[in-house]
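Work through the two exercises below with the model open beside the text, and follow each solution step by step.

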Number of protein chains: 2
Amino acid sequence: MDPKTYAEAGVDIHKADAFVARLKHSARRDGHRRLWPAAGGYASVYPVHGNLAVALTTDGVGTKLLVALEQNKLDTIGIDLVAMCVNDLLCVGATPSAFLDYYATGKLDERLSDDLVKGIIQGCDQACMLLVGGETAELPDLYQNGHFDIAGFAMGTVSKESLITGEHLTAGDKLIGVASTGIHSNGFSLARKLVPLESPLRKSLLNPTAIYAAPVVRLLNEYPGCIKGMAHITGGGWTNVTRPQRNLGYVIEHHLPVPEVMKFMAEKVSAEEMFKTFNMGMGLCVMTSDEHVDRVVNTFASSQLQSMVVGEIAGKKPVLTIKGALGGKDIVLNNSTK
Amino acid sequence: MDPKTYAEAGVDIHKADAFVARLKHSARRDGHRRLWPAAGGYASVYPVHGNLAVALTTDGVGTKLLVALEQNKLDTIGIDLVAMCVNDLLCVGATPSAFLDYYATGKLDERLSDDLVKGIIQGCDQACMLLVGGETAELPDLYQNGHFDIAGFAMGTVSKESLITGEHLTAGDKLIGVASTGIHSNGFSLARKLVPLESPLRKSLLNPTAIYAAPVVRLLNEYPGCIKGMAHITGGGWTNVTRPQRNLGYVIEHHLPVPEVMKFMAEKVSAEEMFKTFNMGMGLCVMTSDEHVDRVVNTFASSQLQSMVVGEIAGKKPVLTIKGALGGKDIVLNNSTK
């Protein structure tokens, strides 16, 4: 029987959240006030000198690895790895600087590792960041033959002026959706069970995750303050939209094109579960006031990225309302829902 | 049959090196001149503002994880993870600032993850650094039940003045060995096959890796320039000694106490292989000119760390000579040997 929810596919997001919360709590006891608070907790912002801080984040590509292995196509998974980290850095207003990778495997395979590195370097190039190091661990007893894992670490710089705190967000601000290139790098534990191996859609699961660095850095530099909040739509799907400021209401009523593979999965999974798991065509959500909308849309267009106003911040009820979701009923997600 | 070498235990260090070299080469084509060259390549040093740079590094604990799982003792493996990263940061002259962890598992186990975090926080406390974030990935299909991996990422700050480049090292400079707390976090693929499960020595394999941050940061701050080179003795054992400056000769003729577990393994493995795999009682090697020796030794003593002059830089032949190794013949390691 096909799994119908992410939990049925074996992933308990709430449990993971609880662990992360506990971790943050334990660490906070000592000196965490030193960090600058940044919108959505997408990256940690550590001040290093006067007005200057570095933003730090880490991520992996999760189960997408298994699909890449199954299709024997490892040359773009490095782009996904960089994208997952870099798009998070952008959400606090940081300019990506340096990247490191951790690659652990049962037995080092040169073709495979070459392909991996090729993708990582391509991703770094797209993000205008430098691959500055990494760890390659050959762990014959820990990883099964043919299995491996990769993790990425990214560092960016952010000035007090370009820091995105989310505190300037207010009712009436526009939500600009920026197109994804597919399911990016999350929801794979579910997707790989729903999309049949023989389906032509299976291939599209591997489309590399979009890296939004070039246009976002341009906006940060040329129009400081124009981006008031930004949400990278990753694990948790559209529940990410409310991360930059949990105490506001968000309404989305227009949709970017939904990728075919998601339409296919939506036949088997409830609309609410779809929006809570996948990006549904929107890889990034940029929040700005009315007067900056054209500027933002044009900047993304100049990087060949489709974007449009999908909704706005409305009211004080802290929920995300998705109007006419997938052509059906409205969906209301509580801002603490994940 | 017991494996006699690290290669027989399934780890091909040369292959891993080749991959890392390739990776560095590929990445270097673009902008790598931006990095400040630092001794031994222990961390990448990325300038962020005038005289100030951040040092970045990543590492894991490798097969030590399996021994921790086997003994159902996960509460200090986080100290190892922090130590592996932090001691690398120190070797370029950086002061540790922030740490992030990546934790991937088949199924999140709360007791296990609590224990892990407890160790990580303890390690961060010892290193006076802040745990600022992390990624917890639940990947049911990638990791076998009960298996998991962790990677660490550390950031420190370093000024142009405190940067250790290795370029001031010269004949006559003293090598000060600082005691390890056991085998630390490398050589485990071999050690777990040589030390019997029922041996009381098996337990000692899990001794947490020493974190040398407090005394080293004190030396860096109070006596800038006093440390001319520093080697964290990790994967590759004593071949690390020559990393700060490959074009010099190094002679070691005195030994810190060799931990029991290494004496035990040395009965089955050649002395050369032992020194090329394990720290042999010396977790860190600090290189300084004659006049600073007492200062260095006293500073480590004030942190309850035994240290002593073990040798010196001698001659121009780029080799490491270990005199009377393990009470036997001299061992000569080529500086490019690893």
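The domain bounds used here come from an automatic or database domain assignment, and the model itself is predicted.

**Exercise 1.** Describe how the two domains of chain A meet, beginning with their bounds and ending with the classes of the residues on one side.

*Solution.* The assignment for chain A places domain 1 at 13-159 and domain 2 at 174-334. Taken over C-alpha atoms, the centres of these two domains of chain A lie 21 Å apart. Turning to the contact between them, 31 residues of domain 1 of chain A touch 27 residues of domain 2 of chain A. On the domain 1 side, two or more residues each come from helix H2 (64-70), helix H3 (77-90), strand S3 (95-105) and helix H4 (110-126) of chain A, and H3(A) gives the most, with nine residues. By class, this side of domain 1 of chain A consists of 17 nonpolar, ten polar and four charged residues.

**Exercise 2.** Characterise the packing of helices H3 and H4 of chain B by angle, axis distance and handedness, and then give the classes of the residues in contact.

*Solution.* Helix H3 (residues 77-90) of chain B packs against helix H4 (residues 110-126) of chain B at an angle of about 40 degrees, and their axes are 6 Å apart. Angles under 35 degrees count as roughly parallel and 65 to 115 as roughly perpendicular, and H3(B) and H4(B) are therefore oblique to each other. The crossing of H3(B) with H4(B) is right-handed. Residues making the contact include Ile77(B), Leu81(B) and Val82(B) of H3(B), together with Leu116(B), Ile120(B) and Cys124(B) of H4(B). Divided by class, this contact of H3(B) with H4(B) has nine nonpolar, four polar and one charged residues.

Definitions and conventions: Residues are numbered from 1 along each chain as its sequence is written. Chains are lettered from A and ligands numbered from 1 in the order in which they are written. This is a predicted model: local features need pLDDT of at least 70, side-chain atom pairs count only at pLDDT 80 or more; totals for chains, interfaces and linings use all residues. Two residues are in contact if their C-beta atoms, placed from the backbone, lie within 7 Å. Helices (H or I, at least four residues) and strands (E, at least two) are DSSP runs, numbered from the N terminus. Ala, Val, Leu, Ile, Met, Phe, Trp, Tyr, Cys and Pro count as nonpolar, Asp, Glu, Lys and Arg as charged, and the others, Gly among them, as polar. Axes are lines fitted to C-alpha atoms, for helices over the stretch in contact, and angles run from 0 to 180 degrees between N-to-C directions. Angles under 35 degrees count as roughly parallel, over 145 as roughly antiparallel, 65 to 115 as roughly perpendicular and the rest as oblique. A crossing is left-handed if the near helix is turned anticlockwise from the far one by less than a right angle, and right-handed if clockwise.
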